[in-house]
Amino acid sequence: MALRRCHLNPKKTLFLLCDIQEKFRPAMPLFDNMIKNVDKLTKAGKALDVPLIVTEHYPEKLGKTVGQLDVSHAKLVSGKTLFSMVTPEVKAVIKDIFSDKPEDVVLYGLESHICVEQTAIDLLEQNINVYIVADCCSSRLNQDRDLALDRLRQAGCVITTSESVIFDLVRDKNNPKFDVVRKLVNQPSVDMELTRNGNGQPVGSAKL
């Protein structure tokens, strides 16, 4: 599937935050590192007026989104049992926001090889460009995360990082939101120990 590759436009982009819930914390390696990167990306999206949708997988048992993340600006926070985020409720809100569908979706959360992967495939089938934020994704095993990123790259997703997404949305130092975003990126993102392939590049790495 050949999708268009171009710069992200805040008016045509949707952020999807997938199932970052408190009950997952003990089982996920580098969970606290991931949360710091997710917090930066989510706050930048809010500053740049990028709409956000949040899902929580089976919240009755797995709890709510971690309290460290401010998702109060989300257009929807929705419980689900489907592994994919592309539920009827989410689809209805997306249609309401964009009148049809976004050009690009920035997708991040967990688990990479289950809910994130299935969401990405559903979006690709709708001819939506999907950007997977590798340093904002996790699985119970790093190998599951890394292999999922590799599969998703091969499927047609852009595998990227939080700062790459942020700066691509800003585009220009003269952007009126630059000073707000600059404060968020003063500290570098936290390393998520992404596996490197034989060429010394992160698995699934790609530039915007």
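Visitor: What makes β4 and β5 a pair, and in which sense do they pair?

Guide: Two strands pair if DSSP finds at least two bridges between them. Strand β4 (residues 104–110) and strand β5 (residues 129–138) have 6 bridges and run in the parallel sense, so they pair by that definition. Valine 105, for instance, has valine 130 in β5 as its bridge partner. A word on the source: this is a predicted model, where local features need pLDDT of at least 70 and side-chain atom pairs count only at pLDDT 80 or more, while totals for chains, interfaces and linings use all residues. Residues are numbered from 1 along each chain as its sequence is written, and side-chain values use heavy atoms, leaving out hydrogens and water.

Visitor: What is the order of the strands in the sheet?

Guide: The open sheet has 6 strands in the order β3-β2-β1-β4-β5-β6, with parallel pairing. β3 (76–80) and β6 (158–160) each have a single partner strand, so they stand at the edges and one side of each is left without a neighbour in the sheet. From one strand to the next, the twist averages 20 degrees.

Visitor: Why are α1 and α6 called roughly parallel?

Guide: Angles run from 0 to 180 degrees between N-to-C directions, with axes fitted as lines to C-alpha atoms, for helices over the stretch in contact. Under 35 degrees counts as roughly parallel, over 145 as roughly antiparallel, 65 to 115 as roughly perpendicular and the rest as oblique. Helix α1 (residues 31–47) and helix α6 (residues 162–170) pack at about 10 degrees, with their axes 10 Å apart. These two helices are therefore roughly parallel.

Visitor: Which residues of α1 and α6 meet?

Guide: Asn37, Lys40, Leu41 and Ala44 in α1 meet Ser162, Glu163, Val165 and Ile166 in α6. Meeting here is contact, meaning heavy atoms within 4.5 Å.

Visitor: Why does serine 162 count as buried?

Guide: Buried means under 20% relative accessible area, exposed over 50%, and partly exposed in between (1.4 Å probe, protein chains only). Serine 162 has 0% relative accessibility, so it counts as buried. Beyond its neighbours within four places in sequence, serine 162 is in contact with Asn37, Leu41, Val133, Asp135, Cys136 and Ser189.

Visitor: How confident is the predictor, given the mean pLDDT of the protein?

Guide: pLDDT is the predictor's confidence in each residue, from 0 to 100. The protein's mean is 92, and 91% of its residues reach 70 or more. Over residues 202–208, though, the pLDDT is below 50.

How values were computed:
Helices (H or I, at least four residues) and strands (E, at least two) are DSSP runs, numbered from the N terminus.
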